[in-house]
Amino acid sequence: MLRWRSRRGMVENDLFIERFFARYVKHLTVRQAGALSALMDLSDNDLLDLHLARKTPAEVNPELDRDDVHEVLTMLRENR
């Protein structure tokens, strides 16, 4: 279900997310899935800004300035 929910309107975001799932789907923890779910609540532009490190989670939404969100962002960025 999380994978389906992760489908985005911007191709760039879809590419990042598909690579993430290809690499981590079998090892994703509940904590990481929760962080990814929180990221999926963002607009496509905010999500892309986070992927590309143009903004920090705190700049997008202070509630996202959490260790689990930072961990998932690192994982997403490893696949660039």
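**Rings and helices: a chat**

Reader: Hi! Is Tyr24 buried or exposed?

Author: Tyr24 counts as buried because its relative accessibility is 12%. Buried means under 20% relative accessible area, exposed means over 50%, and partly exposed is in between (1.4 Å probe, protein chains only).

Reader: Thanks! What sort of model is this?

Author: This is a predicted model, where local features need pLDDT of at least 70 and side-chain atom pairs count only at pLDDT 80 or more, while totals for chains, interfaces and linings use all residues. Residues are numbered from 1 along each chain as its sequence is written, and side-chain values use heavy atoms, leaving out hydrogens and water.

Reader: Okay, back to the rings. How many aromatic pairs are there?

Author: Rings of Phe, Tyr and Trp (its six-membered ring) pair if their centres lie within 6.5 Å; planes under 30 degrees apart are stacked, over 60 edge-to-face, and the rest tilted. By this rule there are two aromatic pairs. Phe20 and Phe21 form an edge-to-face pair, with 5.7 Å from centre to centre and 80 degrees between the planes. Phe20 also pairs with Tyr24 in a tilted arrangement, at 5.3 Å centre to centre and 45 degrees between the planes.

Reader: Nice! Which residues make up the ring cluster?

Author: The ring pairs join Phe20, Phe21 and Tyr24 into a cluster.

Reader: And why is Phe20 called buried?

Author: Phe20 counts as buried because its relative accessibility is 0%. Phe21 is buried too.

Reader: Where do Phe20 and Tyr24 sit?

Author: Both are in helix H2, which covers residues 11-24. They are four residues apart, about one turn of the helix. The helices here are DSSP runs (H or I, at least four residues; strands are E, at least two), numbered from the N terminus.

Reader: Which residues of H2 meet H6?

Author: From H2, Phe16, Ile17, Phe20, Arg23 and Tyr24 meet H6. On the H6 side the partners are Val72, Met75, Leu76 and Glu78. Here contact means heavy atoms within 4.5 Å.

Reader: What is Asp68 in contact with, leaving aside its neighbours within four places in sequence?

Author: With those neighbours left aside, Asp68 is in contact with Arg31 and Ala35.

Reader: New topic! I spotted Glu12. Where is that one?

Author: Glu12 is in helix H2. Glu12 counts as partly exposed, because its relative accessible area is 41%.

Reader: How far apart are Glu12 and His51 in space?

Author: They are 9.5 Å apart, C-alpha to C-alpha. Along the sequence, Glu12 and His51 are separated by 39 residues.

Reader: Which residues of H4 are buried?

Author: Helix H4 spans residues 44-51, and its buried residues are Leu47, Leu48, Asp49, Leu50 and His51.

Reader: What do those pack against?

Author: The buried residues of H4 pack against H2, H3, H6 and helix H5 (57-60).

Reader: Last one: what is the phi of Ala53 like?

Author: Ala53, which follows H4, has a positive phi, near 60 degrees.
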